[in-house]
Amino acid sequence: MNERDLAGRRVVITGGGSGIGAACARRFAESGAEVVLVDLDGAAARAVAAEIGASAVEADLSDPTFDADSLAGSADVLVNNAGIQHVAPVHEFPLDRFRLIQALMVEAPFRLARAALPHMYEQEFGRIVNISSVHGVRASPYKVAYVTAKHALEGMSKVIALEGAPHGVTSNTICPGYVRTPLVEKQIASQAEAHGIPAERVVEEVMLREMAVKRLVEPGEVAELAAYLCSPLAGSATGSSWMLDGGWSAR
Ligand SMILES: NC(=O)c1ccc[n+]([C@@H]2O[C@H](COP(=O)([O-])OP(=O)(O)OC[C@H]3O[C@@H](n4cnc5c(N)ncnc54)[C@H](O)[C@@H]3O)[C@@H](O)[C@H]2O)c1
């Protein structure tokens, strides 16, 4: 096994049926990992799994009763990626959407990490990558639940990094700007309709406004960074927020 290799590692990726999660699944499979995709959309996860020789589990990670031990108890690598967005001003934000977003994007990553750590500690190796966002370190209006959840994920990741360090376990976040995935395609379409402008103008004028690199991030770029952070040679890379935001947070 070379230093970049993930051969034989069991990699659990949430939200692996689409976008960034699917790109991570493909990248980890290429490195020889045994990949498990967990997704609410079982059909999408099974389709990606079939393509790369992985396995798929259908689960609703916003459900407080999901079985974290059976999903992540034997993971060598955990990629907490599943996420959703809801856009509304604070004073009109639906409470049930706020709670759903915290359950899926804060509590589920916590429960999965909690389940994975004993096995990681025992073997003195583990990697946790939390897919955060530039919204883990910057706010935007109308995204209160998402920004709250991503800031919480940043804090959680750092605590896991400090506790995990003596046990060979690292924990990091990746903080992308806008990435070309179905989650963003949906936002482009709805904003184009809301503002009565073409989709290209939404991308240029709204999404890329803060990004100095004037293009969307590609899912494969996120997957490449995740693969590095999970490699054996990244043992000193921990407790950090890895910006992949086209310069947004340099402002
Ligand atoms: N796309 C972006 O611009 C962008 C930017 C920064 C961060 N992110 C983050 O990256 C992550 C992935 O986003 P994406 O753009 O690939 O989204 P996506 O919509 O393409 O994929 C998200 C996946 O999560 C799954 N999912 C949703 N709810 C679930 C639930 N309750 N239980 C289990 N699975 C569930 C979906 O079925 C889907 O397969 C998210 O955490 C998101 O916040 C995305």
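The C-alpha centres of domain 1 and domain 2 lie 24 Å apart. The domain assignment, automatic or from a database, gives domain 1 as 10-177 + 218-239 and domain 2 as 179-216. The structure is a predicted model, in which local features need pLDDT of at least 70, side-chain atom pairs count only at pLDDT 80 or more, and totals for chains, interfaces and linings use all residues. Residues are numbered from 1 along each chain as its sequence is written.

The contact between the domains takes 9 residues from domain 1 and 7 residues from domain 2 (contact: C-beta atoms, placed from the backbone, within 7 Å). On the side of domain 1 that touches domain 2, helix H1 (19-30) and helix H8 (219-230) are the elements that give two or more residues. That side has 4 nonpolar, 4 polar and 1 charged residues. Here Ala, Val, Leu, Ile, Met, Phe, Trp, Tyr, Cys and Pro count as nonpolar, Asp, Glu, Lys and Arg as charged, and the others, Gly among them, as polar.

H1 and H8 also pack against each other. Their axes come within 8 Å and cross at roughly 50°. Axes are lines fitted to C-alpha atoms, for helices over the stretch in contact, and angles run from 0 to 180 degrees between N-to-C directions. H1 is therefore oblique to H8; angles under 35 degrees count as roughly parallel, over 145 as roughly antiparallel, 65 to 115 as roughly perpendicular and the rest as oblique. The crossing of H1 and H8 is right-handed (the near helix is turned clockwise from the far one by less than a right angle). H1 contributes Gly19, Ile20, Ala23, Cys24, Arg26, Arg27 and Phe28, and H8 contributes Pro219, Gly220, Val222, Ala223, Glu224, Ala226 and Ala227. By class, this contact of H1 with H8 holds 9 nonpolar, 2 polar and 3 charged residues.

Among the contact residues are Phe98, Ile101 and Met105 of H4 and Tyr146, Leu153 and Ile160 of H5. The contact of H4 with H5 has 15 nonpolar, 2 polar and 1 charged residues.

Overall, the chain has 8 helices and 7 strands. These are DSSP runs, numbered from the N terminus (helices: H or I, at least four residues; strands: E, at least two). The C-alpha trace spans about 55 × 35 × 35 Å along its principal axes.

Terms used. Contact = placed C-beta atoms within 7 Å.
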